[in-house]
Amino acid sequence: MKLNKLFYSIMLGCATLIGLTACNDDENENGVFTLDAPVIENIEVPSATASAHVNVSQSDLESGAVRVMTYGFCYSTSPAPTIYKSTVSSYLNEEGVSRPVLPDNSGNISATITGLENNTVYYVRAFATLYPNGVVYSEEVSFTTSAGAVPTELESYVAPTYADNYTSFAGWAQRNQWNLANVHDPSVMKADDGYYYMYQTDASYGNAHDGHGHFHARRSKDLVNWEYLGATMNDSPAWVKTKLNEIRAAQGLAPIDNPSYGYWAPVARRVSAGKYRMYYCIVVNNFIKTGALSEDKNFDNSWTERAFIGMMETTNPAGNTWEDKGYVVCSSTDREMDWSRSSLSDWSGYFKWNAIDPSYIIDKSGEHWLIYGSWHSGIVAMQLDASTGKPLKTLGNPWDTSALPDYGQLVATRTAGNRWQGSEAPEIIYNPATEYYYMFLAYDELSVAYNTRVVRSKNITGPYLGIDGTNVTNGGNALPVVTHPYKFSNSDGWVGISHCAIFDDGNGNWFYASQGRLPKDIASINASNAVMMGQVRSIRWTADGWPVVMPERYGAVPKVEIKESELLGNWEHIDLGYSAGNQKVSSTMTLAADHTITAGTWKGATWSYDAANQVLTANGVQLYLQREADWEATPRTHTIVYAGYTTSKTYWGKKSK
């Protein structure tokens, strides 16, 4: 017998132990050799310690019945690792020098596995190479590395704590506790003092605003904590009744002594340093023919009266005192004085352009425009006099067909020629980074089905095209879907998410704000669908210039770089494609370390990650990542979310905890 100590290293995907080789000139192959399953300890990314017991008799080694060439551990992110496919690693001593590791006096081998990733499942087998028998493997074990150290910024993050169910403090007396409670149809602008100011429709849970003025305001420095400021308009402006009855007199109609008003959908903008404008809507809730209150019992075979848009200005939004500048425009028609309506189920609409839901923009050339319209024939753009904020052209009688073009140019319609659109609330912005105008639109009824779409154009007056190429200026459904009723696990989810405000912080960060409603019939909440919470969300812009809105609400989570290792595991994935009136529910999608998708509707597909741009591509769909607050967690914390488009679908998701 001749014993030789040989050092041999296999570099084909194993944590290699350089071991004792027993050689004998005899070719006895009757010895017994096995390896116990490894034990994994001291798991601290990027390393862990593996050990295993060697089962072989000294007599078999000495006789040459067992000839061991090499000991080691194979490991991989896939089951059944081999010496040919696993991650390569070398064993180093404390001085950083490769050296042989022999079984200790108890017959155990050990090595340090390095190069491990966070939050990853690894499979490990001990191995030995025998001459001439080949490789012997132990049984397999697996272990999971931790999520890794949380960066200090995230570790110290405190999520918002205010309640989404605010019914216990919804009343007027508790208004200083509201934060974003009782918000509907918000408009948001950033003022010179660094505050974001939000203004809204009068709607509130339990009609808390009634008797306390109109177009209520609040402000925030961080978009998370909001201070209630009160009404911007204390009493109805006298000009509305005056203008209404002037029009009625010219049409041969009796005046309405006490018109009934609805106060809707303001838009506020900074015009220049120290100058701000708010356009607001007042809808007259009386029938045209008799002037009777618009109730079924008073139906007189006519349509209800017109809506008016007025304007206010201020130099100091913090003071919340606005000067009313009066009439801007009213609803107009191409049917002259034929306001007849066959029944209350007739939706053919007397007015062609409905003077409601204004959006105000100063375009890239410095021109001022009012974009408005709701449910009737579509959305129109009307140029304004920059100095006054009033129409650039003198408006003729609103029932005169020849004057109709001066009331606005059609820029979007859901169904060409239809007087009942199922769309409203245009919000228009210009993004200099993409050089496009973007028009956001609200679709469907507002209690549940409300959803948001977006289209874009190189010109303020269109044509506006969807992501699928549809020209909505000529008529068509707008895509993509931006927001939609949805539900993540551990929550009731949200519905009625639309009529949005789009704004930026001046540093290239854009935001989406709207109301969200709780679903109806939540057992513990009275009239749950009337709970309207103001919601702010971050926007990211796709590589081809489309805005994607993040699924979770903004919570000022630090923008710490998202590492690929954080993406592994389960996600709550939502196909947010349009489904009329339905709340889209999340399902589990699992991203494996080998870049396959192992669960969910995309199971079997692959994924990749562009860390530089924080974009996850899954099943061929680019999903834009962001750190946001996890509002469904208890307690609330931070998570990672995504949003992305195809030409026909929208996808939302968040990382499961």
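Two strands are taken to pair if DSSP finds at least two bridges between them, and the first close-up applies that criterion to a predicted model.

Figure 1. Strand β21 spans residues 379-384 and is mostly covered, with 5 of its 6 residues buried. Strand β20, residues 368-372, pairs with β21 in the antiparallel sense over 5 bridges, and W369 has Q383 of β21 as its bridge partner. In the hairpin formed by β20 and β21, 6 residues lie between the strands, and G373 takes a positive phi near 140°. Strand β21 also pairs in the antiparallel sense with strand β22, residues 409-412, in this case over 3 bridges; here the bridge partner of I379 is A412 in β22. In a regular strand the side chains alternate between the two faces of the sheet.

Figure 2. A search of the whole structure for disulfides, which would require two cysteine sulfur atoms within 2.5 Å, returns 0 of them. For C500, the closest cysteine sulfur belongs to C281 and lies 15 Å away, which is too far for a bond. C500 counts as buried because its relative accessibility is 5%, and C74 is likewise buried, with a relative accessible area of 0%.

**Figure 3. The stacked rings of F33 and Y71.** The aromatic pairs in the model come to a count of 34, and one of them is the stacked pair of F33 and Y71, with 6.4 Å centre to centre and 25° between the planes. F33 belongs to strand β2 (residues 33-35) and Y71 to strand β5 (residues 68-76), so this pair ties together parts of the chain that are 38 residues apart in sequence. Both partners are buried, F33 with a relative accessible area of 10% and Y71 with one of 3%.

**Figure 4. The edge-to-face rings of W239 and Y327.** The ring centres of W239 and Y327 are 5.9 Å apart and the planes meet at 65°, so this pair is edge-to-face. The two residues link distant parts of the chain, 88 residues apart, since W239 lies in helix α3 (residues 238-250) and Y327 in strand β18 (residues 323-330). W239 counts as buried, at 15% relative accessibility.

**Figure 5. Arginines placed over aromatic rings.** The charged end of R341 sits over the ring of W303, at 4.2 Å from the ring centre. In a second example, R453 lies over the face of Y578, with a distance of 4.6 Å to the centre of that ring.

Figure 6. Ring pairs join Y196, F503, F511 and Y554 into a cluster. When residues up to four places away in sequence are not counted, I502 touches E427, I429, F440, W510, F511, Y512 and I539.

Definitions and conventions:
Residues are numbered from 1 along each chain as its sequence is written. This is a predicted model: local features need pLDDT of at least 70, side-chain atom pairs count only at pLDDT 80 or more; totals for chains, interfaces and linings use all residues. Side-chain values use heavy atoms; hydrogens and water are left out. Buried means under 20% relative accessible area, exposed over 50%, partly exposed in between (1.4 Å probe, protein chains only). Helices (H or I, at least four residues) and strands (E, at least two) are DSSP runs, numbered from the N terminus. Rings of Phe, Tyr and Trp (its six-membered ring) pair if their centres lie within 6.5 Å; planes under 30 degrees apart count as stacked, over 60 as edge-to-face and the rest as tilted. A charge sits over a ring if NZ of Lys or CZ of Arg is within 6 Å of the ring centre and within 35 degrees of the ring normal. Contact means heavy atoms within 4.5 Å.
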